[in-house]
Amino acid sequence: MLRDITIGQYYPAKSVLHRLDPRVKFVGTLVYIISLFIFNSWIGYLISALFLAVMVKISTVPLKFIVKGLKAIVVLLLISMFFNAIFTPGHVVFQVWIIKITEEGLILAAKIGIRLILLIIGASLMTLTTTPNQLTDGLERLMKPLNKIHVPVHEIAMLMSIALRFIPILMEETDKIMKAQIARGADFESGNLIRKVKNMVPLLVPLFISAFRRANDLAMAMEARCYHGGDGRTQMKPLIYKKRDAAAYAVLALYLAIAIAMRVIGI
Amino acid sequence: MGIIKAAKVVFDYLKYSEEGQEPEVNRAIDGVDLDIAEGQFIAILGHNGSGKSTLAKHMNALLVPTEGTLWVDSLDTAEDDDVWKIRQKAGMVFQNPDNQIIGTVVEEDVGFGPENIGVPTDEIWQRVEDALTKTGMISYRKHSPNKLSGGQKQRVAIAGVVAMKPKCIILDEPTAMLDPNGRKEVLAAVRELNEKEGVTVILITHYMEEVILADKVYVMDSGRIVMQGTPREIFSQVDTLKKYRLDVPQVTLLADELKKAGVDIPSGILTIEELVNALCQSN
Ligand SMILES: Nc1ncnc2c1ncn2[C@@H]1O[C@H](COP(=O)(O)OP(=O)(O)OP(=O)(O)O)[C@@H](O)[C@H]1O
Ligand SMILES: [Mg+2]
């Protein structure tokens with residue numbers, strides 16, 4: 001189950017999307033997320049879904065791989081949809097005890113659901129097509145101006161890239177510890193919520209211990225390889241905009257313009 | 001002076017036993033003298049907790065001696081200004097392959113060291129290609145390290161060090177977490193670096209078959225170097241080795257027992273072939 005989370009994983013391929021400058025992809029993801037909140041009609045959602053579908057197609061990442069990542073957020077999705085459905089006042093469709101499901105609520109829930117799904121797919125498409133190193137390089141360059149107000153931009157970027165690299169390793173480890181403990185009769189499935197949380201303790205303790213040990217080892221390995229912050233550091237893959245990046249920015253601008261225009265004229 | 005030289009190196013660390021109590025001073029390394037010539041293949045043996053890793057960390061300036069001095073290529077490791085030069089000259093490979101790979105793509109990981117020491121971009125690419133070729137991992141350059149076998153991961157880690165063009169590589173039990181095949185792969189890569197590139201290798205290990213190949217072996221016990229010599233010299237002293245709780249290769253053990261029982265063979269036999277030859281000749 002834990003292995004299914006694809007957010008933060010890289011899917012190696014040679015598509016145009018993979019080769020785009022990470023800054024473009026980062027800005028693109030941001031623009032896409034913003035557009036999801038600008039669009040406010042079914043046609044708008046259709047356009048953003050189509051846009052995403054085309055991007056997924058271009059990326060050559062198999063759809064199965066992306067959808068697998070959605071499983072992890074199903075619960076979150078259902079909860080937010082549920083609360084939207086019951087707490088929106090309006091025309092009551094049906095009522096169970098004091099819970100009123102309204103037509104407006106259902107529509108809102110559907111919209112929230114669509115937005116969230118598109119948002120997650122959009123964001124994971126970025127991490128699937130960008131190596132964490134590129135991603136952090138991109139972020140570092142985009143945030144560089146913040147260095148002037150003493151934000152440790154390089155350190156933040158490095159921190160993120162390491163976190164991303166260790167997500168799959170820690171996932172695998174959790175899986176392993178879980179299996180080891182299930183084999184010894186541990187039960188992670190049954191009982192009420194409190195019971196379940198209690199049962200997680202023997203899982204979390206070894207996980208944390210191992211995470212700390214890993215962090216310690218990694219810090220030493222980085223130091224041994226002369227890592228000493230961003231000063232005087234060169235880059236193996238420095239970011240240089242190419243023609244295709246300009247084209248991608250143009251596509252993004254067009255997409256955002258459509259979103260804004262549609263909102264303005266009220267479609 | 002050799003590539004690595006130690007003079008009376010002592011390392012103390014504070015051990016905090018209970019809350020509020022005065023910490024206890026413990027000695028992990030106790031008066032170690034070393035002089036390792038450039039281009040040699042050195043093996044360091046020792047029981048658990050004998051101070052091997054602590055000594056290794058001194059050779060990379062990750063730790064600094066409490067007393068005494070350690071020089072790497074004539075640079076004093078206690079000198080703060082030289083730390084990065086020392087770490088470039090003496091690369092280090094650790095035991096756990098997962099905890100020392102920083103990049104998410106093999107080639108990016110190998111480029112990490114050169115990036116840190118400010119090598120220009122074009123040269124980084126060259127060095128990465130070169131290092132991956134030398135360790136036989138060039139066909140995996142675009143792969144994710146997570147999907148490699150343990151032996152392959154260690155070879156990537158070695159490539160990461162090689163890309164910094166070190167004079168000396170210190171490997172702290174690099175094969176401890178690997179299967180026999182992975183061990184062979186890693187050892188072959190290390191030997192090739194030593195023979196073809198003339199890189200000094202300091203290998204800390206528990207596996208005797210890895211020690212046999214060394215030019216010189218050091219045995220450590222409770223922070224001291226208690227034996228040193230060629231593998232043959234070391235393994236001819238079976239009883240002393242047992243005293244330091246070290247495994248002796250089975251052939252050596254058998255040869256030793258035979259010798260004690262009166263069979264006329266030389267001491268310090270290291271391989272099955274040697275034993276066979278010796279037995280044939282003794283009649
Ligand atoms: N900073 C420290 N804090 C606590 N103990 C330490 C510290 N540094 C070293 N030691 C102790 O010093 C001794 C030597 O440790 P070291 O890791 O060098 O041994 P080793 O020969 O590498 O053992 P192994 O074969 O298990 O790797 C051990 O008893 C260890 O517990
Ligand atoms: Mg050790």
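**Close-up views of a predicted model**

View 1. Within E7(B), Ile170(B) is the bridge partner of Met92(B). The open sheet has six strands in the order E6-E7-E8-E3-E9-E10 (chain B), and its pairing is mixed. Strand E6 (90-93) and strand E10 (224-229) of chain B stand at the edges with a single partner strand each, so one side of each has no neighbour in the sheet.

**View 2. Polar contacts of ligand 1.** For polar contacts (pairs of N or O atoms within 3.5 Å), an oxygen atom of ligand 1 lies 2.7 Å from an N or O atom in the side chain of Lys52(B), and a polar side-chain atom of Thr54(B) is 2.4 Å from an oxygen atom of the ligand. A polar backbone atom of Gly51(B) is 3.0 Å from an oxygen atom of ligand 1.

**View 3. Domains of chain A.** The domain assignment, which is automatic or taken from a database, gives domain 1 (1-130 + 240-267) and domain 2 (152-233), whose C-alpha centres lie 28 Å apart.

**Notes.** Residues are numbered from 1 along each chain as its sequence is written, while chains are lettered from A and ligands numbered from 1 in the order in which they are written. Local features need pLDDT of at least 70, side-chain atom pairs count only at pLDDT 80 or more, and totals for chains, interfaces and linings use all residues, with side-chain values using heavy atoms and leaving out hydrogens and water.

How values were computed
Polar contact = N/O pair within 3.5 Å; in protein donor to acceptor, adjacent residues only side chain to side chain. Pairing = 2+ DSSP bridges. Helix = DSSP H or I, 4+ residues; strand = E, 2+ residues; numbered from the N terminus.
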